[in-house]
Amino acid sequence: MSFVSFVVKSDVDLERRLNALRSLQRLLDEAFRVPGTNLRFGWDPIIGLIPWAGDVLTAVLSCAVLVQAYHMRLPRVVQLRMLLNIGLDTLIGVVPFLGDVTDMFWKANTKNLALLERHAAEVRPASPGDWLFVSGVIAAIVAMAAVPLVVMYWLVHLLFGRSIL
């Protein structure tokens, strides 16, 4: 395999992954339009109606752009911005109703995809610290999404004095 065919194959594979992320972003943030307005929303606020589990699911789906940013070796500060977008979306999303309304306007996936596309040309070599950073970021997102579940379990146990499992 020559270098040229490897580069072309890599570019095709990268474009395929970016198109998949664009499709995911459209589904989560822009799948539907409020009739008579330019207001668009996706499955994110709809899935978020399921208490805690919906927010966990959308946070995990949002990590797809972050993982691609890592694979493209985007600067850590850009990855951190993406994490903050996902974290704010998750944190606000756990507030009943208000979080779902906010999801219609705070489109973390749209923001993160724009960051990915804007900074895609900035290439830097990967290091073991990069792996540690991305693993820590994903662990932080999962922890933020799990906290409401742990608090709910604790409250039920405190109120009823027995395990709900």
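## Around the end of α3

Just after α3, R73 takes a positive phi of about 60 degrees. The model is a predicted one. R73 sits in the loop that joins α3 to α4, and its relative accessibility of 36% places it among the partly exposed residues.

F97 belongs to the loop between α4 and α5 (98-103). With a relative accessible area of 64%, F97 is exposed, whereas R73 is partly exposed.

## Overall architecture

The protein chain contains 7 helices and 2 strands. In sequence order, these elements follow the pattern α-β-β-α-α-α-α-α-α.

Of the 165 residues in the protein chain, 33% are buried. Among contacts in the protein chain with a separation of 6 or more, 64% are between residues 24 or more positions apart.

## Helix α3

Helix α3 covers residues 53-71, 19 residues in all. From first C-alpha to last, α3 reaches 28 Å, close to the 27 Å expected at 1.5 Å a residue.

The buried residues of α3 are G54, D55, T58, A59, S62, C63, V65, L66, Q68, A69 and Y70. V67, also in α3, is partly exposed, with a relative accessible area of 29%. The C-alpha atoms of V67 and V134 are 7.6 Å apart in space, although the two residues are 67 residues apart in sequence.

Helix α4 runs over residues 76-93. Its 18 residues should span 26 Å at 1.5 Å a residue, and the end C-alpha atoms are 25 Å apart, which agrees. The buried residues of α4 are V78, Q79, M82, L83, N85, I86, G87, D89, T90 and G93.

How do the axes of α3 and α4 cross, and how far apart do they come? They come within 10 Å and cross at roughly 175 degrees. Angles over 145 degrees count as roughly antiparallel, so α3 is roughly antiparallel to α4. On the α3 side the contact is made by D55, A59, S62, C63, V65, L66, A69 and Y70. On the α4 side it is made by Q79, M82, L83, I86, T90 and G93. By type, the residues of this contact divide into 9 nonpolar, 4 polar and 1 charged.

## Packing of α4 on α6

Helix α4 also meets helix α6, which spans residues 108-119. The axes of α4 and α6 come within 9 Å and cross at roughly 175 degrees. That crossing angle makes α4 roughly antiparallel to α6. From α4, the residues involved are V78, R81, M82, N85, I86 and D89. From α6, they are A108, K111, N112, L115, L116, R118 and H119. The residues of the contact of α4 with α6 divide into 6 nonpolar, 3 polar and 4 charged.

M82 and I86 of α4 take part in the contact with α3 and in the contact with α6.

N112 lies in helix α6. Is N112 buried or exposed? N112 is buried, with a relative accessible area of 1%. Its contacts, leaving aside neighbours within four places in sequence, are V65, R81, M82, N85 and I86.

Q25 has its place in helix α1 (residues 3-29). Its relative accessibility is 9%, so Q25 counts as buried. Apart from neighbours within four places in sequence, Q25 is in contact with E30, N109, T110 and L113.

Technical notes:
Residues numbered from 1 in each chain as written. Predicted model: local features only at pLDDT ≥ 70, side-chain atom pairs only at ≥ 80, totals over all residues. Heavy atoms only, no water. Axes fitted to C-alpha atoms, helices over the stretch in contact; angles between N-to-C directions. Helix = DSSP H or I, 4+ residues; strand = E, 2+ residues; numbered from the N terminus. Parallel < 35°, antiparallel > 145°, perpendicular 65-115°, else oblique. Contact = heavy atoms within 4.5 Å. Nonpolar A, V, L, I, M, F, W, Y, C, P; charged D, E, K, R; others polar. Expected span 1.5 Å × (residues − 1). Buried < 20%, exposed > 50% of the residue type's maximum accessible area, 1.4 Å probe, protein only.
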